[in-house]
Amino acid sequence: MLILVFLLVRLLPGDPASAILGDRATPEIVERTRRELGLDKPLPVQFGIFVQHLLRGDLGESSSLKVPVLRLIVERLPITLFLSVYAAIIAVLLAVPLAVLAAVRRNTWVDSLIRGVFQVALSLPVFYVALQLLTLLGAKLGWFPIGGYGETFRDHLYHLFLPALTLGFNLAAILVRTLRNSILEVLTAEYVEFARSKGLQSRVVMLRHVLRNALISTVTLLGLNIGALIGGAVITESVFAIPGVGRLMIDAIFGRDYPVIQGLTLVFAVLVSLVFLMTDLIHARLDPRVQHA
């Protein structure tokens, strides 16, 4: 993985030294900057230095900002995590009730409307949804700020609502279809029929027996799409001018800032791995069969 991260970064077109100095820099200054950055050394030597620093917990120093990469990540990562969790919560709040409604009203106009709206949402790029929400609810109506992060927790919720809605709406489109199909499948199970025969109310049957079992596959799907959620955060943070690691990654790519790109890629990989682990634990909690397997 380390080799892959190291090599993929260096496949980016352009030279970091030229990106830092600009087009007016002389070849001598560019070459001197390359030596200062260690880019004049062979790739195996550069990789060895990278691994040595990584083993010491040192992700290097940003070649453009002249700040330790670890410090940049620690400062900006909480913003991206807040946005991602916020978006996931919005996605669940949208997907669960609408999926239940679509399943209960199967093959009616309600079901067709819900599936149609979210089918269209699946085909819309994240940046397009972000720009439309930014233009309509932010610039024209002025209901929400068009950028920034805020200072207090309430400010965070207010400033990040549009970015979180952008990501959450896209994720909800995936969850609705899967959860609806799962609910329809569980509704025909024998234990659901048995629960109904005992005289339990439809609401109790739906919450205790149907929804809990239908959520198993949805939780797994939610965990698998966390990587896409983080990838969407990279674009969304740029559109809404949010100072998170997503915007930092975009700036680093344009500036050919190798240490920042490498550090962020490793952090993203670790985060996704942790989310997959949490997904397995939640899956085992919801499905007792996994615990006894």
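Trainee: Which residues in α12 meet which residues in α13?

Mentor: Keeping in mind that this is a predicted model, Ala 233, Val 234, Glu 237 and Ser 238 are the residues of α12 that meet Val 245, Gly 246, Arg 247 and Ile 250 of α13. Divided by class, the residues of this contact are four nonpolar, two polar and two charged.

Trainee: Why is α12 called roughly perpendicular to α13?

Mentor: Helix α12, residues 226-239, packs on α13 at an angle of about 85°, and the two axes are 7 Å apart. Angles from 65 to 115 degrees count as roughly perpendicular, and therefore α12 is roughly perpendicular to α13.

Trainee: What makes α5 oblique to α13?

Mentor: Helix α5 (residues 69-104) and helix α13 (residues 245-254) pack at an angle of about 125°, with 7 Å between their axes. Roughly perpendicular covers 65 to 115 degrees and roughly antiparallel needs an angle over 145, so a value between those ranges counts as oblique, and that is the term for α5 against α13. On the α5 side the contact is made by Leu 72, Ile 73, Arg 76, Leu 77 and Thr 80, and on the α13 side by Val 245, Gly 246 and Leu 248. This contact has five nonpolar, two polar and one charged residues.

Trainee: How do you know that Glu 75 and Arg 71 form a salt bridge?

Mentor: Their side chains meet with 3.3 Å from N to O, and because the cut-off is a nitrogen of Lys or Arg within 4 Å of a carboxyl oxygen of Asp or Glu, the pair qualifies. Both residues lie in helix α5, four residues apart, about one turn of the helix, and a search of the whole structure finds three salt bridges.

Trainee: Which residues does Phe 82 touch, not counting residues up to four places away in sequence?

Mentor: Phe 82, which lies in helix α5, touches Tyr 149, Phe 153, His 156, Leu 157 and Leu 160 on that count. Leu 157 is 75 residues from Phe 82 along the chain, yet their C-alpha atoms are separated by 9.2 Å.

Trainee: What makes up the nonpolar patch on the surface?

Mentor: The patch is formed by Phe 127, Tyr 128, Leu 131 and Ile 235, which together have about 360 Å² of accessible area. Its largest share, three residues, comes from helix α7, residues 126-140, the helix in which Phe 127 lies.

Methods
Residues are numbered from 1 along each chain as its sequence is written. This is a predicted model: local features need pLDDT of at least 70, side-chain atom pairs count only at pLDDT 80 or more; totals for chains, interfaces and linings use all residues. Side-chain values use heavy atoms; hydrogens and water are left out. Axes are lines fitted to C-alpha atoms, for helices over the stretch in contact, and angles run from 0 to 180 degrees between N-to-C directions. Helices (H or I, at least four residues) and strands (E, at least two) are DSSP runs, numbered from the N terminus. Angles under 35 degrees count as roughly parallel, over 145 as roughly antiparallel, 65 to 115 as roughly perpendicular and the rest as oblique. Contact means heavy atoms within 4.5 Å. Ala, Val, Leu, Ile, Met, Phe, Trp, Tyr, Cys and Pro count as nonpolar, Asp, Glu, Lys and Arg as charged, and the others, Gly among them, as polar. Patches are made of residues with over 30% relative accessible area and no salt bridge: like charges are joined within 9 Å, nonpolar side chains (Val, Leu, Ile, Met, Phe, Trp, Tyr) within 5 Å. Accessible areas come from the Shrake-Rupley method with a 1.4 Å probe; for residues, only the protein chains shown count as cover.
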